[in-house]
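Below are some notes on the model, for use alongside the coordinates.

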Amino acid sequence: MKKIKNIFSFILKNTFRLFLLIFVLLCIVFLVVQIPYFQTKIVHKVTDTLSQTLGTEVEVGQVSIDYLSHIQVGNILIRDHSKDTMIYVNKFDTKYSIFSWKDFGVNSENISLEGVQFNLVKEKDSIMNIAKVFGSKNNDTLHKTKDTSKKRNSFLNNLKFNHL
């Protein structure tokens, strides 16, 4: 009986230590992710992957994520396949909530864009540059999106739209 009690005590102590270690590691990761240097490094990894997926250059200058409620991204650049600037955003700013009582997901009520530049160009093959970068592999397929009919606030400052 004493042997079973010792085994149970051993398992309980080690389980507690394991959960404590996991909790401490998660706290450390959470705190490290709050440092802008690491946020920018993570975003650079994501933009490198996005660049490879889209087959064109995607860059982000800096990023700041504040404790799961606010994102600010600066100097977003997306080039087309001709290496010309297709989309540039000087500043993207949003407040969001990861947890919602109504549904699970990222819910953003306010989005602000400053210094936005869109350069849409119809290329030699009569296809718009944005369709080449973001277009579906099968142009017959339409992607269904979630209903976004709830009230949102969007702010655009210093917007420049070129269609050539």
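1. Contact here means heavy atoms within 4.5 Å. With neighbours within four places in sequence left aside, Val 73 is in contact with Val 60, Gln 62, Val 63, Asn 90, Lys 91 and Phe 92.

2. The model is predicted: local features need pLDDT of at least 70, side-chain atom pairs count only at pLDDT 80 or more, and totals for chains, interfaces and linings use all residues. Residues are numbered from 1 along each chain as its sequence is written, and side-chain values use heavy atoms, without hydrogens or water.

3. The protein has 3 helices and 5 strands (DSSP runs numbered from the N terminus: helices are H or I with at least four residues, strands are E with at least two). Their order along the sequence is α-α-β-β-β-β-α-β.

4. S2 and S3 run antiparallel and are joined by 9 bridges; strands pair if DSSP finds at least two bridges between them. Ile 71 stands opposite Thr 94 in S3. The two strands form a hairpin with 5 residues between them, and Lys 83 in the turn has a positive phi of about 70°.

5. Thr 40 lies in helix H2. Thr 40 counts as buried because its relative accessibility is 17% (buried is under 20%, exposed over 50%, partly exposed in between; 1.4 Å probe, protein chains only). Beyond four places in sequence, Thr 40 touches Gly 61, Gln 62 and Val 63.
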